[in-house]
Amino acid sequence: MINFLARIQKYVGGVALLLLLVGLYLVINAPPDFQQGNSVRIMFIHVPSAQMALFLYLVMTGASVLYLWKRYETADIIAEAAAPVGAAFSVVTLATGSIWGKPMWGAWWAWDARLTSMLVLLIIYVGVMAMRSALDEPAKGAKATAILTLVGAVDLPIIHFSVVWWRTLHQPSSFAGKVKPAIAGPLLTPLLIMALAFAIMAAYLVILKTKNVADQRRLDALDSEGTGHV
(Lines give C-alpha, C1' and ligand atoms only; values in the text may rest on other atoms or scores of the structure.)
Protein backbone atom coordinates (compact mmCIF):
# COMPACT_ATOMS: atom_id res chain seq x y z
CA MET A 1 0.00 0.00 0.00
CA ILE A 2 2.85 2.40 0.83
CA ASN A 3 4.37 1.82 -2.62
CA PHE A 4 1.00 2.44 -4.30
CA LEU A 5 0.58 5.71 -2.41
CA ALA A 6 4.08 6.77 -3.45
CA ARG A 7 3.22 6.11 -7.11
CA ILE A 8 0.06 8.26 -7.08
CA GLN A 9 1.55 11.00 -4.91
CA LYS A 10 2.50 13.37 -7.75
CA TYR A 11 -0.89 13.02 -9.45
CA VAL A 12 -2.74 13.75 -6.20
CA GLY A 13 -0.52 16.78 -5.65
CA GLY A 14 -1.19 18.04 -9.18
CA VAL A 15 -4.95 17.74 -8.80
CA ALA A 16 -4.82 19.46 -5.40
CA LEU A 17 -2.80 22.37 -6.83
CA LEU A 18 -5.17 22.76 -9.79
CA LEU A 19 -8.26 22.75 -7.57
CA LEU A 20 -6.66 25.23 -5.17
CA LEU A 21 -5.91 27.64 -8.02
CA VAL A 22 -9.48 27.34 -9.34
CA GLY A 23 -10.90 27.70 -5.84
CA LEU A 24 -8.80 30.79 -5.04
CA TYR A 25 -9.87 32.39 -8.32
CA LEU A 26 -13.52 31.83 -7.41
CA VAL A 27 -12.93 33.10 -3.86
CA ILE A 28 -11.32 36.31 -5.11
CA ASN A 29 -14.19 36.92 -7.53
CA ALA A 30 -16.98 35.92 -5.13
CA PRO A 31 -19.32 38.75 -4.04
CA PRO A 32 -19.03 40.08 -0.46
CA ASP A 33 -21.61 38.85 2.03
CA PHE A 34 -24.36 41.35 2.79
CA GLN A 35 -23.67 41.09 6.55
CA GLN A 36 -20.03 40.02 6.85
CA GLY A 37 -18.66 41.94 3.87
CA ASN A 38 -15.26 40.73 2.68
CA SER A 39 -14.66 38.97 6.01
CA VAL A 40 -16.70 36.11 4.60
CA ARG A 41 -13.70 35.15 2.42
CA ILE A 42 -11.99 33.76 5.55
CA MET A 43 -14.73 31.12 5.58
CA PHE A 44 -13.31 29.59 2.38
CA ILE A 45 -10.15 28.66 4.31
CA HIS A 46 -11.65 28.21 7.77
CA VAL A 47 -14.44 25.73 6.93
CA PRO A 48 -12.35 23.32 4.76
CA SER A 49 -9.53 23.42 7.34
CA ALA A 50 -11.93 22.51 10.14
CA GLN A 51 -13.38 19.68 8.06
CA MET A 52 -9.92 18.25 7.40
CA ALA A 53 -8.85 18.62 11.05
CA LEU A 54 -11.81 16.46 12.08
CA PHE A 55 -11.61 14.05 9.15
CA LEU A 56 -7.92 13.31 9.66
CA TYR A 57 -8.58 12.53 13.32
CA LEU A 58 -11.25 10.10 12.13
CA VAL A 59 -8.61 8.53 9.87
CA MET A 60 -6.27 8.26 12.85
CA THR A 61 -9.04 6.69 14.91
CA GLY A 62 -9.81 4.08 12.25
CA ALA A 63 -6.12 3.31 11.77
CA SER A 64 -5.64 3.00 15.53
CA VAL A 65 -8.52 0.53 15.82
CA LEU A 66 -7.03 -1.50 12.97
CA TYR A 67 -3.59 -1.46 14.57
CA LEU A 68 -4.84 -2.53 18.00
CA TRP A 69 -6.98 -5.25 16.42
CA LYS A 70 -4.70 -6.68 13.73
CA ARG A 71 -1.31 -5.10 14.53
CA TYR A 72 -0.98 -3.85 10.93
CA GLU A 73 2.12 -1.67 10.80
CA THR A 74 0.76 0.20 7.76
CA ALA A 75 -2.20 1.35 9.87
CA ASP A 76 0.20 2.67 12.52
CA ILE A 77 2.29 4.43 9.84
CA ILE A 78 -0.83 6.16 8.47
CA ALA A 79 -1.89 7.17 11.98
CA GLU A 80 1.56 8.64 12.65
CA ALA A 81 1.54 10.44 9.29
CA ALA A 82 -1.94 11.91 9.71
CA ALA A 83 -1.24 13.46 13.14
CA PRO A 84 0.98 16.41 12.13
CA VAL A 85 -1.17 17.14 9.08
CA GLY A 86 -4.32 17.16 11.19
CA ALA A 87 -2.61 19.35 13.77
CA ALA A 88 -1.63 21.82 11.05
CA PHE A 89 -5.22 22.04 9.82
CA SER A 90 -6.35 22.58 13.42
CA VAL A 91 -3.93 25.50 13.77
CA VAL A 92 -5.21 27.03 10.52
CA THR A 93 -8.80 26.55 11.72
CA LEU A 94 -8.17 28.31 15.04
CA ALA A 95 -6.11 31.09 13.44
CA THR A 96 -8.64 31.89 10.72
CA GLY A 97 -11.49 31.64 13.22
CA SER A 98 -9.71 34.15 15.42
CA ILE A 99 -9.10 36.52 12.48
CA TRP A 100 -12.78 36.24 11.52
CA GLY A 101 -13.95 36.64 15.13
CA LYS A 102 -12.29 40.01 15.70
CA PRO A 103 -14.44 42.00 13.22
CA MET A 104 -17.57 39.84 13.74
CA TRP A 105 -17.55 39.34 17.53
CA GLY A 106 -15.19 42.14 18.54
CA ALA A 107 -12.73 39.68 20.12
CA TRP A 108 -9.88 37.46 18.90
CA TRP A 109 -10.99 34.61 21.16
CA ALA A 110 -13.97 33.52 23.24
CA TRP A 111 -14.28 30.45 25.45
CA ASP A 112 -17.09 29.31 23.23
CA ALA A 113 -18.04 25.61 23.10
CA ARG A 114 -17.01 25.18 19.44
CA LEU A 115 -13.76 27.13 19.77
CA THR A 116 -12.79 25.45 23.03
CA SER A 117 -13.50 21.92 21.79
CA MET A 118 -11.46 22.69 18.64
CA LEU A 119 -8.58 23.88 20.82
CA VAL A 120 -8.85 20.62 22.77
CA LEU A 121 -8.52 18.71 19.48
CA LEU A 122 -5.27 20.55 18.71
CA ILE A 123 -3.99 19.70 22.20
CA ILE A 124 -4.88 16.03 21.63
CA TYR A 125 -3.04 16.04 18.30
CA VAL A 126 0.05 17.50 20.00
CA GLY A 127 -0.29 15.03 22.87
CA VAL A 128 -0.43 12.05 20.50
CA MET A 129 2.70 13.23 18.67
CA ALA A 130 4.52 13.99 21.92
CA MET A 131 3.70 10.56 23.35
CA ARG A 132 5.05 8.78 20.27
CA SER A 133 8.26 10.81 20.40
CA ALA A 134 8.69 10.21 24.12
CA LEU A 135 8.57 6.40 23.92
CA ASP A 136 11.79 4.82 22.65
CA GLU A 137 10.33 1.41 21.86
CA PRO A 138 8.28 1.65 18.62
CA ALA A 139 5.79 -1.09 19.56
CA LYS A 140 5.00 0.56 22.89
CA GLY A 141 4.73 3.96 21.19
CA ALA A 142 2.34 2.62 18.58
CA LYS A 143 0.09 0.95 21.16
CA ALA A 144 0.08 3.89 23.57
CA THR A 145 -0.67 6.46 20.88
CA ALA A 146 -3.40 4.26 19.41
CA ILE A 147 -5.11 4.07 22.81
CA LEU A 148 -4.71 7.83 23.38
CA THR A 149 -6.12 8.48 19.90
CA LEU A 150 -9.23 6.41 20.72
CA VAL A 151 -9.71 8.30 23.99
CA GLY A 152 -9.33 11.62 22.18
CA ALA A 153 -11.98 10.64 19.62
CA VAL A 154 -14.58 11.56 22.25
CA ASP A 155 -13.90 15.18 21.32
CA LEU A 156 -15.11 14.73 17.71
CA PRO A 157 -18.88 14.55 18.39
CA ILE A 158 -18.48 17.33 20.96
CA ILE A 159 -17.00 19.59 18.28
CA HIS A 160 -19.61 18.64 15.70
CA PHE A 161 -22.67 19.00 17.93
CA SER A 162 -21.40 21.86 20.11
CA VAL A 163 -23.46 24.37 18.12
CA VAL A 164 -26.55 22.23 18.75
CA TRP A 165 -26.01 21.21 22.36
CA TRP A 166 -25.00 24.62 23.73
CA ARG A 167 -25.84 28.27 23.14
CA THR A 168 -22.76 29.40 21.28
CA LEU A 169 -21.36 32.40 19.44
CA HIS A 170 -20.33 30.16 16.57
CA GLN A 171 -22.67 29.99 13.63
CA PRO A 172 -24.31 26.61 12.81
CA SER A 173 -22.51 24.15 10.54
CA SER A 174 -22.25 25.25 6.92
CA PHE A 175 -23.18 21.74 5.83
CA ALA A 176 -25.66 19.84 8.00
CA GLY A 177 -26.20 16.46 6.41
CA LYS A 178 -29.29 16.38 4.19
CA VAL A 179 -30.32 19.90 5.15
CA LYS A 180 -29.90 22.44 2.32
CA PRO A 181 -26.73 24.53 2.92
CA ALA A 182 -27.55 27.96 4.39
CA ILE A 183 -25.18 29.66 1.95
CA ALA A 184 -26.11 31.54 -1.20
CA GLY A 185 -25.11 30.00 -4.54
CA PRO A 186 -22.37 32.54 -5.48
CA LEU A 187 -20.63 31.75 -2.18
CA LEU A 188 -21.48 28.05 -2.11
CA THR A 189 -19.66 27.11 -5.33
CA PRO A 190 -16.21 28.43 -4.27
CA LEU A 191 -16.72 26.89 -0.83
CA LEU A 192 -17.39 23.48 -2.36
CA ILE A 193 -14.38 23.76 -4.67
CA MET A 194 -12.14 24.80 -1.77
CA ALA A 195 -13.50 21.96 0.38
CA LEU A 196 -12.62 19.47 -2.38
CA ALA A 197 -9.20 21.10 -2.89
CA PHE A 198 -8.41 20.90 0.84
CA ALA A 199 -9.53 17.25 0.94
CA ILE A 200 -7.17 16.30 -1.88
CA MET A 201 -4.40 18.48 -0.45
CA ALA A 202 -4.81 16.69 2.88
CA ALA A 203 -4.56 13.35 1.08
CA TYR A 204 -1.40 14.53 -0.68
CA LEU A 205 0.22 15.69 2.57
CA VAL A 206 -0.65 12.44 4.37
CA ILE A 207 0.74 10.40 1.47
CA LEU A 208 3.93 12.47 1.55
CA LYS A 209 4.29 12.06 5.31
CA THR A 210 3.41 8.35 5.12
CA LYS A 211 6.30 7.76 2.73
CA ASN A 212 8.67 9.70 5.02
CA VAL A 213 7.58 7.72 8.09
CA ALA A 214 7.93 4.39 6.26
CA ASP A 215 11.41 5.34 4.96
CA GLN A 216 12.51 6.44 8.44
CA ARG A 217 11.33 3.17 9.96
CA ARG A 218 13.27 1.19 7.34
CA LEU A 219 16.40 3.22 8.13
CA ASP A 220 15.91 2.69 11.88
CA ALA A 221 15.52 -1.06 11.29
CA LEU A 222 18.74 -1.15 9.24
CA ASP A 223 20.57 0.81 11.94
CA SER A 224 19.33 -1.63 14.58
CA GLU A 225 20.50 -4.60 12.50
CA GLY A 226 23.88 -2.94 11.93
CA THR A 227 24.28 -2.21 15.64
CA GLY A 228 23.35 -5.77 16.47
CA HIS A 229 26.05 -7.17 14.20
CA VAL A 230 28.84 -5.02 15.70
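User: At roughly what angle do the axes of helix H2 and helix H5 cross?

Analyst: The model is a predicted one. In it, helix H2 covers residues 43-70 and helix H5 covers residues 138-152. Their axes come within 9 Å, and the crossing angle is roughly 130°.

User: Which term describes the orientation of H2 to H5, and why?

Analyst: Angles over 145 degrees count as roughly antiparallel and those from 65 to 115 as roughly perpendicular, and the rest, apart from angles under 35 degrees, count as oblique. The angle here is roughly 130°, so H2 is to be called, relative to H5, oblique.

User: What is the handedness of that crossing, and how many nonpolar residues does the contact of H2 with H5 have?

Analyst: H2 passes H5 in a left-handed crossing. On the H2 side the contact is made by Tyr57, Met60, Thr61, Ser64, Val65, Tyr67 and Leu68, while H5 supplies residues including Ala139, Lys143, Ile147 and Gly152. By class, the contact has one charged residue and four polar ones, and the number of nonpolar residues is eleven.

User: Which residues have the most contacts inside the largest nonpolar core?

Analyst: The largest nonpolar core has 43 residues. Elements that give two or more residues to this core are helix H1 (2-29), H2, helix H3 (73-105), helix H4 (113-134), helix H6 (155-165) and helix H7 (185-229). Within the core, the residues with the most contacts are Tyr57, Phe89 and Leu121.

User: Which element gives the largest share of this core?

Analyst: H7 is among the elements that give two or more residues to the core. The largest share is ten residues, and it comes from H7.

User: Which residues does Leu121 touch, not counting residues up to four places away in sequence?

Analyst: Leu121 is one of the residues with the most contacts inside the largest core. It is also one of the H4 residues that meet H2. With residues up to four places away in sequence left out, Leu121 touches Ala53, Leu54, Tyr57, Ser90, Asp155, Leu156 and Ile159.

User: How many residues are in the other core that lies apart from the largest one?

Analyst: Among the residues of this other core are Tyr67, Ala75, Ala79 and Ala142. Tyr67 of H2 and Ala142 of H5 also take part in the contact of those two helices. The number of residues in this core is six.

User: Which term describes the orientation of H3 to H4, and why?

Analyst: H3 and H4 pack with their axes 9 Å apart, at an angle of about 150°. Angles over 145 degrees count as roughly antiparallel. H3 is therefore, relative to H4, roughly antiparallel.

User: How many charged residues does the contact of H3 with H4 have?

Analyst: H3 passes H4 in a left-handed crossing. Residues of H3 including Asp76, Glu80, Ala87 and Trp105 meet residues of H4 including Leu115, Leu122 and Arg132. The residues of this contact divide into 14 nonpolar and three polar, and the number of charged ones is three.

User: How many nonpolar residues does the contact of H2 with H4 have?

Analyst: The axes of H2 and H4 come within 11 Å and cross at roughly 40°, and the two helices are therefore oblique to each other. The crossing is left-handed. Ala53, Leu54, Leu56, Tyr57 and Met60 in H2 meet Met118, Leu121, Ile124, Tyr125 and Val128 in H4. The contact has no polar and no charged residues, and its count of nonpolar residues is ten.

User: Is Ser98 buried or exposed, and why?

Analyst: Ser98 lies in helix H3. Not counting residues up to four places away in sequence, Ser98 touches Ala107 and Trp108. Buried means under 20% relative accessible area; because its relative accessibility is 18%, Ser98 counts as buried.

User: How far apart in space are Gln35 and Pro138, C-alpha to C-alpha?

Analyst: Gln35 is placed in the loop between H1 and H2, and at 64% relative accessibility it counts as exposed. Gln35 and Pro138 are 103 residues apart in sequence, and their C-alpha separation is 52 Å.

User: What percentage of the residues of the protein chain count as buried?

Analyst: The protein chain has seven helices and zero strands. Its C-alpha atoms fill a box of roughly 70 × 40 × 30 Å along the principal axes. Of its 230 residues, the share that counts as buried is 41%.

Methods:
Residues numbered from 1 in each chain as written. Predicted model: local features only at pLDDT ≥ 70, side-chain atom pairs only at ≥ 80, totals over all residues. Heavy atoms only, no water. Axes fitted to C-alpha atoms, helices over the stretch in contact; angles between N-to-C directions. Helix = DSSP H or I, 4+ residues; strand = E, 2+ residues; numbered from the N terminus. Left-handed = near helix turned anticlockwise from the far one by under 90°. Contact = heavy atoms within 4.5 Å. Nonpolar A, V, L, I, M, F, W, Y, C, P; charged D, E, K, R; others polar. Core = buried A, V, L, I, M, F, W, Y, C linked by side-chain atoms within 4.5 Å. Buried < 20%, exposed > 50% of the residue type's maximum accessible area, 1.4 Å probe, protein only.
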